[in-house]
Amino acid sequence: PCIMFFDEIDGLCTTRQSSGGDSGVSGRVLSQLLSEMDGIEDLSGVFVLAATNRPDMVDPALRRFGRFEKTIEIGLPDLESRKSILDVHLRSRPLAPGIAIESLAETMTGLSGADIASVCSGAARSAIRRVVQKSILDSKTQHPVDPDSVLITADDIDKILNELRSNK
């Protein structure tokens, strides 16, 4: 038994119409993959799965019966899913008082789970950077930064969220 998983299959097997300028390499890779997949029909217990963010770029030949015959589209997370994702990624991180997961989740409409995880990590880094810079600038501080003083604030989250949205 075997499960083969191709992540970002669109990078490996683009449509033959869009593979210009690569000396036919993409076409040959696609042809070889199709041949190999046609040869495993008789094998039992072999499953081939693939993921893509760009289904429009995957060659239609991969979608015919016996290859990747079923497509499952996973959309962006709804409010409850965003709350769950935030809960997982903020569970062990210290939040400033007044930050509510519910309201954060509402502001993150349209973001993927990876985007939300990125915002959480970026906000944590921003909080650490802010506290360290403050302690460096404060000439009276003779002690190392107290880890308990590092709290993720709404400003930290907003900063990273704005950066993410401006880069999309």
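Arg-54 counts as partly exposed because its relative accessibility is 38%, where buried means under 20% relative accessible area, exposed over 50% and partly exposed in between, with a 1.4 Å probe and protein chains only. The model is predicted, so local features need pLDDT of at least 70 and side-chain atom pairs count only at pLDDT 80 or more, whereas totals for chains, interfaces and linings use all residues. Residues are numbered from 1 along each chain as its sequence is written, and side-chain values use heavy atoms, leaving out hydrogens and water.

A salt bridge here is a side-chain nitrogen of Lys or Arg within 4 Å of a carboxyl oxygen of Asp or Glu, and the count by this rule is 5.

| Salt bridge | N to O distance |
|---|---|
| Arg-54 and Asp-56 | 2.8 Å |
| Asp-87 and Arg-91 | 3.3 Å |
| Arg-130 and Asp-156 | 2.7 Å |

Arg-130 belongs to helix α5 (residues 113-137) and Asp-156 to helix α6 (residues 154-167), so their pairing ties together parts 26 residues apart in sequence; helices are DSSP runs of H or I with at least four residues, and strands are runs of E with at least two, numbered from the N terminus. Arg-130 is partly exposed at 33% relative accessibility, whereas Asp-156 is buried at 3%.

Ile-3, Phe-5, Phe-47 and Leu-49 form a nonpolar surface patch with about 460 Å² of accessible area together. Patch residues have over 30% relative accessible area and no salt bridge, with like charges joined within 9 Å and nonpolar side chains (Val, Leu, Ile, Met, Phe, Trp, Tyr) within 5 Å, and the areas come from the Shrake-Rupley method with a 1.4 Å probe, only the protein chains shown counting as cover for residues. Ile-3, found in strand β1, is exposed at 62% relative accessibility.
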